[in-house]
Amino acid sequence: MATIFDGHSDLLYDVTRRRLEGESRVLERRHLDRLRRGGVEGLVLALWYGWGGGRTFWPGVPGGESPAHRLEVMLACAQAEFAQCPWLAVVRTAEEAESARAEGKRYAFLAIEGLDGLEGPEALDRLAALGLRLGTLTWNEENRFASGATQDPGRGLTPLGRQMVRRMEELGIVVDVSHLNDGGFRDVMRLAAGPVIASHSNCRALCPHPRNLSDEQLRAIRDSGGVVGLNAHHRFVHEDPAKRTAETLALHAARMAEIMGVEHVACGFDFCEFMGPGNDAAAGLEDCGRAGAFLECLGRLGMSPAEREQIARGNLLRIFREKQ
Ligand SMILES: [Zn+2]
């Protein structure tokens with residue numbers, strides 16, 4: 001059975017929250033067993049520092065109302081945590097990821113989810129120097145660069161947003177359109193050299209949520225050379241709660257493969273059950289400990305072991321090879 005490179009993980013949220021409460025070695029003590037059980041060989045760890053409508057731990061953090069401050073706090077917690085994780089290699093390239101794997105370590109690529117904490121393009125340079133390889137322009141909010149998927153779909157990138165996209169690509173930071181609204185998506189695809197990815201979004205044809213992608217958008221990502229990561233979060237799997245299952249998510253994979261080709265399908269499971277109620281993942285794929293079992297659902301749809309390996313890890317790793 002193939003092991004998994006999960007293209008979107010919010011574990012740094014749990015790391016930050018718990019480190020602020022005085023814990024240390026959060027990943028090792030609270031998450032490593034599940035990663036092992038699920039056969040997760042690597043992760044994209046996202047810096048998601050959104051206010052989240054105040055339903056996060058940030059209202060209790062002094063200065064937490066400032067996105068720039070939240071980003072700094074999370075970065076500091078992430079770096080302190082990484083220093084305590086000898087079993088985890090923070091990598092920048094697919095080659096480094098493969099080396100870490102050969103040494104029996106897990107690997108992590110660093111990503112940022114929303115650029116609200118940055119003033120402008122110059123601020124990206126420091127993050128790139130720290131190893132940042134992937135970024136979305138927004139979370140769900142409207143900011144000075146772009147608008148999130150739940151905002152006015154007609155508003156595209158701002159002039160500053162266009163500068164951010166250009167600078168990201170110059171620095172080798174892959175542009176991730178998960179969370180962008182349709183206007184922003186269109187502008188990114190016109191502007192970016194690519195590959196452009198959607199790290200954690202499903203098919204709108206099977207679940208009509210603005211966080212999911214239309215067939216036309218899937219083709220645009222394919223044409224850029226990018227990938228789309230399957231998202232296990234219950235709301236993006238099916239409108240009918242009874243159909244929010246691992247089997248239904250496998251149908252999203254099959255549709256993506258039909259529209260784009262299997263070489264453009266990846267995993268971005270977005271597990272965040274540790275954030276509390278309302279953050280459930282699909283039944284049968286409740287947390288990263290079940291990630292390996294999801295591959296069996298793909299097998300039952302007739303996907304070969306080679307195709308499952310591409311979806312599980314190969315396709316997303318290719319993106320970090322091509323962008324060097
Ligand atoms: Zn997200």
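At what angle do helix 9 and helix 10 pack, and how far apart are their axes? In this predicted model, local features are reported at pLDDT of at least 70 and side-chain atom pairs at pLDDT 80 or more, whereas totals for chains, interfaces and linings use all residues. Residues are numbered from 1 along each chain as its sequence is written. Helices (DSSP runs of H or I, at least four residues) and strands (DSSP runs of E, at least two residues) are numbered from the N terminus.

Helix 9, spanning residues 246-260, packs with helix 10, spanning residues 291-300, at an angle of about 60 degrees, and their axes are 9 Å apart. Axes here are lines fitted to C-alpha atoms, for helices over the stretch in contact, and angles between the N-to-C directions run from 0 to 180 degrees. Helix 9 is therefore oblique to helix 10, given that angles under 35 degrees count as roughly parallel, over 145 as roughly antiparallel, 65 to 115 as roughly perpendicular and the rest as oblique. The crossing of helix 9 and helix 10 is right-handed, a crossing being right-handed if the near helix is turned clockwise from the far one by less than a right angle, and left-handed if anticlockwise. Residues A246, E247, L249, A250 and A253 of helix 9 make the contact with F294, C297 and L298 of helix 10, where contact requires C-beta atoms, placed from the backbone, to lie within 7 Å. By class, this contact of helix 9 with helix 10 comprises 7 nonpolar, no polar and 1 charged residues; Ala, Val, Leu, Ile, Met, Phe, Trp, Tyr, Cys and Pro count as nonpolar, Asp, Glu, Lys and Arg as charged, and the others, Gly among them, as polar.

Helix 1, residues 11-20, is mostly covered, with 9 of its 10 residues buried. A residue is buried if 20 or more other C-beta atoms, placed from the backbone, lie within 10 Å of its own, exposed if 12 or fewer do, and partly exposed in between. The buried residues of helix 1 are L11, L12, Y13, D14, V15, T16, R17, R18 and R19, and the elements that cover them include strand 1 (4-9), helix 2 (26-37), strand 2 and helix 3 (67-82). Helix 1 and helix 3 pack at an angle of about 90 degrees, with axes 9 Å apart, and the two helices are therefore roughly perpendicular to each other. Their contact is formed by L12, V15, T16 and R19 of helix 1 together with V73, M74, C77, A78, A80 and E81 of helix 3, and the residues of this contact divide into 7 nonpolar, 1 polar and 2 charged.

The axes of helix 1 and helix 2 come within 10 Å and cross at roughly 140 degrees, so these two helices are oblique to each other. Helix 1 passes helix 2 in a right-handed crossing, in which L11, D14, V15, R18 and R19 of helix 1 meet V26, L27, R30 and H31 of helix 2. By class, the contact of helix 1 with helix 2 has 4 nonpolar, 1 polar and 4 charged residues. Just after helix 1, G22 takes a positive phi of about 100 degrees. In the loop between helix 1 and helix 2 lies R25, a residue other than glycine whose phi is also positive, near 45 degrees. R25 counts as partly exposed because it has 14 C-beta neighbours inside 10 Å.

Strand 4, residues 106-113, is largely enclosed by the rest of the structure, because 8 of its 8 residues are buried. From this strand R106, A108, L110 and I112 point one way, while Y107, F109, A111 and E113 point the other way. Strand 4 pairs in the parallel sense with strand 2 (residues 40-47) over 6 bridges, pairing being assigned if DSSP finds at least two bridges between two strands. In strand 2, A46 stands opposite A111 of strand 4. Strand 3 (residues 88-90) likewise pairs with strand 4 in the parallel sense, over 3 bridges, and L88 stands opposite R106.

Further backbone features occur in loops. Most residues other than glycine have a negative phi, and most peptide bonds are trans. H179, in the loop between strand 6 (174-175) and helix 7, has a positive phi of about 85 degrees although it is not a glycine, and H179 is buried, with 28 other C-beta atoms within 10 Å. The peptide bond from G194 to P195 is cis, with omega near -5 degrees, and P195 is found in the loop between helix 7 (182-191) and helix 8 (215-224).

Definitions and conventions
Contact = placed C-beta atoms within 7 Å.
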